[in-house]
Amino acid sequence: MKLALVALLAAGAASAASLPLRPVARVPLSGPPVRFDYTSVDPATHTLWISHMDADQLLAFDVVHRKLRRTIPAPGVHGVIAVPQTGRVYASATNAHEVLTIDSHTGKVLAHAPAGDYPDGLAYDPVQRRVYVSDESGGVEAVLSAAGHRVATIPLGGEAGNVQYDAGSGKVLADVQTRNEIAVIDPRRNRIVRRIHVPSCSSDHGLLVDAVHRIAFVACDGNAKLLTLDLRTMRFTGTFDVGQSPDVLAFDPSLRRLYVSAESGVVAIFAETKHTARPLGTAFLATEAHTVAVDPTTHLVYFPLQTTSQLLIMRPR
């Protein structure tokens with residue numbers, strides 16, 4: 001078994017050499033080698049928050065000293081988002097059907113809020129000071145106050161994928177993956193004001209918004225596609241192949257580089273252009289390497305690896 005794992009890691013390293021990334025470090029993480037999920041970088045506290053989903057732990061990793069700072073119990077934790085403006089971290093404890101509000105400095109859980117059947121991804125609206133939580137199987141966006149109390153729910157009419165806040169329009173965008181649509185939500189009224197059909201897409205689960213350059217990236221986990229959406233015109237401008245079952249997307253705003261990690265362990269990297277994207281490389285990185293984070297300050301890229309319960313740190317080439 002050990003020799004097989006070594007061989008698998010070696011094969012992954014050889015394949016990953018074709019990516020425009022180079023390894024920097026591998027750091028052990030706490031808990032057994034089971035599934036990770038979303039991550040979030042907090043530049044104010046120099047912390048990478050990591051959902052160790054099947055270990056029922058939310059991890060706080062110090063990106064400066066490269067060591068684990070604390071672990072917080074969080075049953076089936078999926079989504080996590082750090083909000084430096086409020087000094088809070090919000091995490092969806094999916095098995096408890098709730099969202100935790102956490103002090104980003106102390107790790108203390110300050111509030112628990114009901115968030116539907118299967119709370120997953122999260123987004124924060126800094127204008128209305130609201131947290132949006134995708135209840136995937138419930139087909140609802142749950143809306144929380146910054147203090148972590150539920151204030152509204154928005155039916156989507158289908159399974160919820162990821163959710164993002166668009167600072168350019170002041171709207172919240174939510175994938176409705178069973179309808180292949182993006183719902184545009186007015187956060188002042190918490191109502192859907194528009195629906196956008198996502199063409200050539202099966203199950204739009206992943207979503208990332210670059211509000212500054214007015215581009216959204218949509219990942220389709222049913223047919224392994226990435227689409228680019230021009231947020232000025234609300235027209236799709238490009239379609240690209242990615243790894244099977246794309247999941248988490250991460251974006252480096254100053255390098256304008258997009259990372260798409262897939263359940264298949266394949267990572268695809270793109271350069272953002274004026275209206276769409278340009279592929280830079282696609283390769284197998286590691287088994288179940290379906291989650292990724294990027295530190296916009298250092299440009300380091302972080303991949304929690306399930307098979308070894310390690311954090312792989314890489315640098316762009």
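Two strands pair if DSSP finds at least two bridges between them. Strands here are DSSP runs of E, at least two residues long, and are numbered from the N terminus. In β25, P279 is the bridge partner of F270.

This is a predicted model, in which local features need pLDDT of at least 70 and side-chain atom pairs count only at pLDDT 80 or more, while totals for chains, interfaces and linings use all residues. Residues are numbered from 1 along each chain as its sequence is written, and side-chain values use heavy atoms, with hydrogens and water left out.

**Strand pairs**

- Strands β24 (residues 266-272) and β25 (residues 277-284) run antiparallel and are joined by 7 bridges.
- A hairpin of 4 residues connects β24 to β25.
- Strands β27 (residues 301-305) and β28 (residues 310-316) also run antiparallel, with 5 bridges between them.
- F303 stands opposite L312 in β28.

**Open sheet**

- An open sheet is formed by 4 strands in the order β1-β28-β27-β26, with antiparallel pairing.
- Its edge strands, β1 (21-28) and β26 (293-294), each pair on one side only.

**Disulfide**

- A disulfide is a pair of cysteine sulfur atoms within 2.5 Å; by this rule the count is 1.
- C201 and C220 form the disulfide, with their sulfur atoms 2.1 Å apart.
- The torsion about the S-S bond of C201 and C220 is about -115°, so the disulfide is left-handed.
- C201 lies in the loop between β17 (191-197) and β18 (204-210), and C220 in strand β19 (residues 215-220), so the pair ties together parts 19 residues apart in sequence.
- Both C201 and C220 are buried (under 20% relative accessible area, 1.4 Å probe, protein chains only).

Methods:
Buried means under 20% relative accessible area, exposed over 50%, partly exposed in between (1.4 Å probe, protein chains only).
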